[in-house]
Number of protein chains: 2
Amino acid sequence: MKLIKGGIVAPKGFSAAAVNCGIKKSDRDDLALLFSEELCLLAAHFTTNNIRSGSVILSEKKARAGFAQAVIVNSGNANCCSGKTEIRDAEEMAALVSKRLVLTKSKVLVASTGIIGKPLPIRAIKKGIIFLVKGLDRTKGTRFSKAIMTTDTVHKEIAVKINIKGNVIKIGAAAKGSGMICPNMATMLAFFTTDAVIEKSALKIAFRECVAGSFNRITVDGDMSTNDSAFLFANALAGNRCIKKGSSDYFKFLKALKFVSLGLAKKIVLDGEGATKFVEIIVKNAASQKKANIIARHVADSSLIKTMIAGGDPNWGRVAASIGSSGVSVKRDKVDVYFGKKLVMKNGVSTSVARNALLNIFKKKEIRIIIDLKSGKSSDKIWTCDLTEEYVRINAEYET
Amino acid sequence: MKLIKGGIVAPKGFSAAAVNCGIKKSDRDDLALLFSEELCLLAAHFTTNNIRSGSVILSEKKARAGFAQAVIVNSGNANCCSGKTEIRDAEEMAALVSKRLVLTKSKVLVASTGIIGKPLPIRAIKKGIIFLVKGLDRTKGTRFSKAIMTTDTVHKEIAVKINIKGNVIKIGAAAKGSGMICPNMATMLAFFTTDAVIEKSALKIAFRECVAGSFNRITVDGDMSTNDSAFLFANALAGNRCIKKGSSDYFKFLKALKFVSLGLAKKIVLDGEGATKFVEIIVKNAASQKKANIIARHVADSSLIKTMIAGGDPNWGRVAASIGSSGVSVKRDKVDVYFGKKLVMKNGVSTSVARNALLNIFKKKEIRIIIDLKSGKSSDKIWTCDLTEEYVRINAEYET
């Protein structure tokens, strides 16, 4: 597996475009398009939030067919809770794109991200679509990844290539997400492309596993978006022998797809609003994976732990208090806690490890907290970031 | 019912004392004692955290008897996760107090608050107890309430008197709590005193109802302490006819006790670390109280909503996103949201209410958010505060 350039347009047959049509107050791009010259197999996941954007409702419905060829994305407006226009506007965006690309409407998906509760400026978008379709080419992967940003401070894209029986297969991806990031479809938006030839069910299973192991394992602030969507387009242009479920080719493809999705998920955490640290919470030897997951998420979402990391202060007592209050019954006398490789609490009691050694661990950019329950054989992990004054500033000042 | 002075020593027969014995680095009081000249009926509630302080373990065991006459409290050290010394130290504190007050050990309770993971400086405490017992008098209610503070910026005490069939009955209380405040015994520490004559079961039921409706309905940061404890001492010195469960006297007493506990709970929220606003989240017309409670807590603990309130920005879309992600299934098309008295979302859609009117609501010190699910007849409420840069500063800089 090798890292390559190009992002979402790295795989054969994909092109992208982005324009500013006036949704954002700034002159940054706010409308983007991804297009495949061939019809794609589609795998997709959407937010589990009960209150969801019209764009999500429409795309989820279309995605059921399992095929797509383009997706139009707007940033700066979530197209959510703005009324009956939501689905109509999303449909209109898709219809305009499909007309200009000469595709059937059902092949064009829609994604939105931004402020909730305001109607889409559909006129401006209509106008933008004309330029958008004209601008499609194979150089605008990075521009696409920048156009979908809201409070993100960096754009996020990755592409890799692998070799399967002499055929080069590429996977590209772009994502955005910074706030309102929490377990269960945390990306807000992620777009994956591949030119692999792969059977439909294998594609679906691989993507489900990737989303579960990456985007659904991160949390910035415990707030789940109304608009989270992840799409994987596979246009089969690589010409490889079809990848079948369970084959060695499948596991090679899965490994590359995981690498890409995990890479993007980590980029989102590192670009978490105000974040300065990447934090991995591992819960080991729990009675079940579910219990490990609940504790890891509870610790990851603790404001006291996140501010402790922001302050570089190795106060493991806050971790102990959080473990105890997760709702999962734990035996205190069995619980070990590690900061990095240092055992700070053994069987529920302070180990009196030197404070200086811990301070050094907390100075690092990446911090690992391991919780060993010694009560079973299951484990899980969650990635998060610290909670800084900057997070509060961003979210207190974010303009509605 | 009338507000009176004196705090926890307002009721007949109670005295208090406080000293600095050297637990805190500053010269502020860090050891406090509450004493009743007569044996008291006791009602008590403790943290539901699985990982709990030795002081909680000991006091919970003693509280089962239902009687007590004194409680010693230290601030600056949680006596938690520091090893086998925890319970022994708590026992020793109680034993020393009981010896000096000539009481049986079982009548003296212990409470601790402060940093987790460090052994109590038991020698310093022993020395402090000598002065503490000597200092007991009926003027030190306020000093007691100050001695139990940690990151609190104000001391918290209330006392009231009521008249039951010609007898004056007094209720006094002191509490501390500022961070690590979350539903289910959020006080960290609360002490109630009364001179009422009341039957044991009535006292227990009244206190349970008060704790559930006050301390268990507040959240500052969703982090639950290892040390939360609430005690109610009733020494029967008022000489009234015994208050029986379900009588009109009982409801009069209950009303006064609720007033005091609710008052203290609100003081804790308002003194939440870095807090500048008091926020009431009301969920109405839910299918069950439990569902209403889950949604109200979820919204109250949302960092995005708490920072929005800090910024004075009426972005109700964040409330919609939070309602949808609480885990409780809601029908979006039925959900109304109010900021103060203004309807901002009706049936899941923006009402386009004037932004200026909302800005004025958000300038107030107390903000009410009402969520009407129109899906049943149950309701619940949670009190919380905003999340400010100051919260992060306090918790990033809090010295371990």
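By what turn and what shift along the axis can chain A be laid on chain B? A turn of 180° and a shift of 0.0 Å along the axis bring chain A onto chain B with an RMSD of 0.0 Å, the copies being superposed by least squares on the C-alpha atoms of residues with pLDDT of at least 70 in both. That is the relation of a two-fold axis. This is a predicted model, in which local features need pLDDT of at least 70 and side-chain atom pairs count only at pLDDT 80 or more, while totals for chains, interfaces and linings use all residues. Residues are numbered from 1 along each chain as its sequence is written, and chains are lettered from A and ligands numbered from 1 in the order in which they are written.

**Symmetry and the interface**

- Glu389(A) is the residue of chain A that comes closest to the rotation axis, its C-alpha lying at 2.3 Å.
- The same surface serves both copies, since 100% of the contact residues of chain A recur in chain B.
- Between the chains, 53 residues of chain A are in contact with 53 residues of chain B; two residues are in contact if their C-beta atoms, placed from the backbone, lie within 7 Å.
- On the side of chain A that touches chain B, at least two residues each are supplied by H8, H9, strand E14 (349-350) and helix H11 (389-397) of chain A. Helices (H or I, at least four residues) and strands (E, at least two) are DSSP runs, numbered from the N terminus.
- By class, this side of chain A has 21 nonpolar, 24 polar and eight charged residues. Ala, Val, Leu, Ile, Met, Phe, Trp, Tyr, Cys and Pro count as nonpolar, Asp, Glu, Lys and Arg as charged, and the others, Gly among them, as polar.

**Buried helices H8 and H9 of chain A**

- Nine of the nine residues of H8(A) are buried, and the helix is mostly covered. A residue is buried if 20 or more other C-beta atoms lie within 10 Å of its own, exposed if 12 or fewer, and partly exposed in between, with C-beta atoms placed from the backbone.
- The cover of the buried residues of H8(A) includes strand E11 (278-286), H7, H9, helix H10 (355-363) and E15 of chain A, together with helix H11 (389-397) of chain B.
- Helix H9 (residues 317-324) of chain A is largely enclosed by the rest of the structure, because eight of its eight residues are buried.

**Trp316 of chain B**

- Trp316(B) sits in the loop between helix H8 (303-311) and helix H9 (317-324) of chain B.
- Trp316(B) counts as buried because it has 25 C-beta neighbours inside 10 Å.
- Leaving aside neighbours within four places in sequence, Trp316(B) is in contact with Gly117(A), Val337(B), Phe339(B), Val344(B) and Met345(B).
- Gly117(B), by contrast, is 199 residues from Trp316(B) along the chain, and their C-alpha atoms are separated by 41 Å.

**The seven-stranded sheet**

- In chain B, seven strands form an open sheet of mixed pairing, in the order E9-E16-E11-E15-E12-E13-E14; two strands pair if DSSP finds at least two bridges between them.
- Strand E9 (218-219) and strand E14 (349-350) of chain B are the edge strands, each pairing on one side only.
- Strands E12 (residues 336-339) and E15 (residues 366-372) of chain B pair in the antiparallel sense over four bridges, and Val337(B) stands opposite Ile371(B) in E15(B).
- Helix H6 (residues 248-270) of chain B packs on the sheet and touches E9, strand E11 (278-286) and strand E16 (378-385) of chain B, its direction making about 45° with that of E16(B). Axes are lines fitted to C-alpha atoms, for helices over the stretch in contact, and angles run from 0 to 180 degrees between N-to-C directions.
- Helix H10 (residues 355-363) of chain B lies across E12, strand E13 (342-346) and E15 of chain B, at about 115° to E13(B).
- In chain A, E12(A) and E13(A) pair in the antiparallel sense over three bridges, with Val337(A) opposite Met345(A) in E13(A).

**Packing of H5 on H6 in chain B**

- Helix H5 (residues 200-213) of chain B packs with H6(B) at an angle of about 35°, the axes being 9 Å apart.
- The residues of this contact between H5(B) and H6(B) divide into eight nonpolar, two polar and two charged.
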